[in-house]
Amino acid sequence: PQPLSAEQFGVAHDPDFVADVLSCRRTNGFGNKSPAVAAALPWTSGAMLSAAREALNNGIGAIAPCSGFHHAGYDFAGGYCTFNGLMVTAAVLLAEGKASKVGILDFDQHWGNGTQDIIERLHLHDQVVHYSPSEFSRPAKAEAFIAAIPKLLERFAGCDLVLYQAGADPHIEDPLGGWLTSDQLYRRDRAVFDGLRRLGIPVAWNLAGGYQHDDEGGI
């Protein structure tokens, strides 16, 4: 992956907010002003943009092995999200003319408030299709959710690319989630990838929320 510049961040974020975070004058999404976090930020969002470019090039897909972005808004951070790599990626590709319409499919446990904030602030409703399934989110509706995915994906018809945030925190044993089993998470992701392949839409996907710990205390 290639790291992002401050100018690229500024396509989707307030430039003053970007400058303050990168110079550690403003709190990041982890609630601190750590230089180590600031140094990592161009690479995490850069991984998302690099994966999107690769997906567009190969016509199928690519992974950005980084965490979530969706609580970062135009001029604010929060919820472990400092910059919104999803919206930065979409905005950069739109500005470059590499895409005319981008989908953001957010299957994290939590609503992407930052993503929606940037869409509204930059008036991108016609160019960015954003969806997160808040109408499900409980075990009794898990199978209905998985069965609905092929239909849900139809809203992305006409998109040049879909950015898929594959949250792990909906897992039934996650302390901040609690409605999909391991098998259901597997079938969720398989349905997304198979469905987008059938629609002929390349997908760049990243990891997102997931807060379980193993016996040794690791993620």
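The expected span of a helix is taken as 1.5 Å times one less than its number of residues. In this predicted model, helix α6 has twelve residues and reaches 17 Å from its first C-alpha to its last, which is close to the 16 Å expected at 1.5 Å a residue. The buried residues of α6 are A142, F145, I146, A148, I149, L152 and L153, and these buried positions pack against strand β2 (102-106), strand β3 (128-131) and helix α7. An α-helix has 3.6 residues a turn, so residues three or four places apart point the same way.

Two packed helices are described by the angle between their axes and the distance between the axes. For helix α6 (residues 142-153) and helix α7 (residues 182-199), the axes come within 9 Å and cross at roughly 15°. Because angles under 35 degrees count as roughly parallel, α6 is roughly parallel to α7. The crossing in which α6 passes α7 is right-handed. On the α6 side, the contact is made by A142, E143, F145, I146, I149, P150 and L153, while α7 contributes Q184, R187, R188, A191, V192, G195, L196, R198 and L199. Divided by class, the residues in this contact of α6 with α7 are ten nonpolar, two polar and four charged.

The contact of α3 with α4 comprises seven nonpolar, three polar and two charged residues.

Strand β5 (residues 203-207) includes V203. V203 has a relative accessible area of 5% and is therefore buried, given that the term applies under 20% relative accessible area. Although V203 and Y164 are 39 residues apart along the chain, their C-alpha atoms are separated by 6.7 Å. When residues up to four places away in sequence are not counted, V203 touches A55, I60, G61, A62, L161, V162, Y164, F193 and L196. Among these neighbours of V203 is L196, a residue of α7 that also takes part in the contact with α6.

Conventions:
Residues are numbered from 1 along each chain as its sequence is written. This is a predicted model: local features need pLDDT of at least 70, side-chain atom pairs count only at pLDDT 80 or more; totals for chains, interfaces and linings use all residues. Side-chain values use heavy atoms; hydrogens and water are left out. Axes are lines fitted to C-alpha atoms, for helices over the stretch in contact, and angles run from 0 to 180 degrees between N-to-C directions. Helices (H or I, at least four residues) and strands (E, at least two) are DSSP runs, numbered from the N terminus. Angles under 35 degrees count as roughly parallel, over 145 as roughly antiparallel, 65 to 115 as roughly perpendicular and the rest as oblique. A crossing is left-handed if the near helix is turned anticlockwise from the far one by less than a right angle, and right-handed if clockwise. Contact means heavy atoms within 4.5 Å. Ala, Val, Leu, Ile, Met, Phe, Trp, Tyr, Cys and Pro count as nonpolar, Asp, Glu, Lys and Arg as charged, and the others, Gly among them, as polar. Buried means under 20% relative accessible area, exposed over 50%, partly exposed in between (1.4 Å probe, protein chains only).
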